[in-house]
Amino acid sequence: MSAPNPLTDEQLAANFADIAPALTNDAALLEANKCLFCHDAPCTIACPTHIDVPAFIKKIATGNLRGSARVILDANPFGHSCARACPVEVLCEGACVLNDRDEQPIKIALLQRHATDYVLERKLKLFAQGTKTGKRVAIIGAGPAGLSCARDLRRAGHAVTVFDAMPQPGGLNTYGIAEYKLKADVALAEVQDILDLGIELKTGVTITSLEPLLTEYDAVFVGVGLGSTKTLGIPGEDLPGVVDALTFIEHLKTHPYRDTAVGRQVVVIGAGNTAIDAVTQAKRLGAATATIVYRRGEADMPCYHYEYELAKRDGCGFRFNAAPQRIIGNGSGGVSGLEVRTGGGNETIPCDMVIVAIGQGARTELTWPKEDPRVFVGGDCANGGAEIVNAAAEGVAAARRIHQRLTNG
Ligand SMILES: Cc1cc2nc3c(=O)[nH]c(=O)nc-3n(C[C@H](O)[C@H](O)[C@H](O)COP(=O)(O)OP(=O)(O)OC[C@H]3O[C@@H](n4cnc5c(N)ncnc54)[C@H](O)[C@@H]3O)c2cc1C
Ligand code: SF4
């Protein structure tokens, strides 16, 4: 597992390039003009933040990219990262009426990216802070939920301080989303645009109790996301060469590619979206084989179908109905195989790296009162783990409730 990475820097850069490259201006105009501008816009209904899709596409068609981005970002503060990472196949694009005519749906995500890239690259400021209310809100967690809440509270004129345990803001946008969908510097540029509204950010601060904040602030929003990857509870799990998916992905996203250790024969345990992200990125990082091992059957995989297709296109392998029993050491501090139970008895899958991706547990270092009317919650820690767009929608909704409370109460 400690062998040097077999790929050249150019190969690594190509493997982690944007999976859905940006549209040219001409291509965006052509695509925008295919939209039927449906009155009942099922695409808008399907979006958890209810971006007015036909309205933003119309503005692209008339060359008003700034106005288009305003429609998007007004509804969804993370409209830029969502354009790159949203599961649009099961949301807006999946709902597009063109699917019913056996045509390709409108490329909503790429159009959304076209408009938001335009304003982000030019650092155009679309929103302003509201008239000061004198109220103060503390936000715990600088992920999509916390920062969406922060942005709308700031637009409403409240003073906002955001606390985050990590050195950089952005939550999983910065540290977790697959490198070929969203790079950390892009995520951080989007975050900076939100912070520029005059939001105070304190990073490297882990909040362990709400009590001090509740004496100092008028309301608190908790958007702390989920905790670390669950453990398997099988022998060998602590061997070097066994890594949890979030640690593997975080390292990859925050270091030069060749500095992230990857095995020649990698096994990923689990079959959710994070497992797919882990197996594809292990393969793109230079693993000779990267194989998903899943205890149930193909039809039971919790990942999105299109993610499964991507992993197959990347040449990843799949072992279904194989329940991990123990991880076998190689006698010199590494891993040599994963023993699994199959329908036909136990068998050992040879490997020199095991990535565990069986879901995240809840955060344990912070609990919050469920009844205190000054405390609001949203994002992964409230919904059990969903998508960026859900976290953004919940942050925006919480900002509305907090504003109501602070201005009526
Ligand atoms: C590997 C992986 C890949 C994903 N890929 C996609 C994708 O492609 N598309 C998509 O839409 N969604 C994806 N998701 C889901 C998406 O990342 C999350 O739904 C979203 O980030 C949730 O936002 P959040 O703000 O609730 O939490 P997070 O993004 O987790 O942010 C929570 C923040 O709170 C901070 N925090 C936690 N505890 C404390 C504390 N006690 N004190 C201070 N700060 C604290 C954390 O440091 C973190 O910055 C993925 C998730 C994972 C794990
Ligand atoms: S459903 Fe499709 S065609 Fe209709 S407004 Fe939405 S993107 Fe355009």
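**Notes on a predicted model with two ligands**

1. The side chain of His80 makes a polar contact with that of Asp117, at a distance of 2.7 Å. This is a place to begin reading the model, which is a predicted one. His80 belongs to helix α6, which covers residues 79–85, and with a relative accessible area of 3% His80 is buried.

2. Ligand 1 is surrounded by 34 residues, of which the closest are Ala85, Asp164, Lys181, Ile207 and Asp380.

3. Several polar atoms of the protein can be located beside ligand 1. A polar backbone atom of Ala85 lies 2.8 Å from a nitrogen atom of the ligand, and a polar backbone atom of Ala145 lies 2.9 Å from an oxygen atom of ligand 1. The elements that give two or more residues to the shell around ligand 1 are the helices α9 (144–155), α13 (245–254), α14 (273–284) and α17 (388–408), together with the strand β2 (159–164).

4. The surroundings of ligand 2 consist of Cys35, Leu36, Phe37, Cys38, Pro42, Cys43, Pro54, Cys96, Val97, Ile106 and Ile108. By class, the shell around ligand 2 comprises 11 nonpolar residues, with no polar and no charged ones.

5. The cysteines deserve a careful look, and the structure holds zero disulfides. Cys47 is in no disulfide, and the nearest cysteine sulfur to that of Cys47 belongs to Cys86, 6.6 Å away. Because its relative accessibility is 10%, Cys47 counts as buried. Cys82 is likewise in no disulfide, although the sulfur of Cys86, the nearest cysteine sulfur, is 4.0 Å away; a disulfide would need the two sulfur atoms to be within 2.5 Å. Cys82 also counts as buried, because its relative accessibility is 3%.

6. Which residues of helix α15 are buried? In this helix, which runs over residues 305–313, they are Glu307, Tyr308, Leu310 and Ala311. Seen down the axis of α15, these buried residues fall within an arc of 160°, and therefore they line one face of the helix. The face turned away from that buried side carries His305 and Arg313, both of which are exposed.

7. Two loop positions can be set side by side. Ile177 lies in the loop between α10 (172–175) and α11 (184–195), and because its relative accessible area is 16%, below the 20% limit, Ile177 counts as buried. Pro256, found in the loop between α13 and β6 (265–269), is exposed, with a relative accessible area of 52%.

8. Ile177 and Lys370 are 193 residues apart along the chain, and their C-alpha atoms are separated by 30 Å. For Pro256 and Ala13, which are 243 residues apart in sequence, the distance in space from C-alpha to C-alpha is 9.9 Å.

Conventions. Residues numbered from 1 in each chain as written. Chains lettered and ligands numbered in written order. Predicted model: local features only at pLDDT ≥ 70, side-chain atom pairs only at ≥ 80, totals over all residues. Heavy atoms only, no water. Near = heavy atom within 4 Å. Polar contact = N/O pair within 3.5 Å; in protein donor to acceptor, adjacent residues only side chain to side chain. Helix = DSSP H or I, 4+ residues; strand = E, 2+ residues; numbered from the N terminus. Buried < 20%, exposed > 50% of the residue type's maximum accessible area, 1.4 Å probe, protein only. Arc of directions from axis to C-beta. Nonpolar A, V, L, I, M, F, W, Y, C, P; charged D, E, K, R; others polar.
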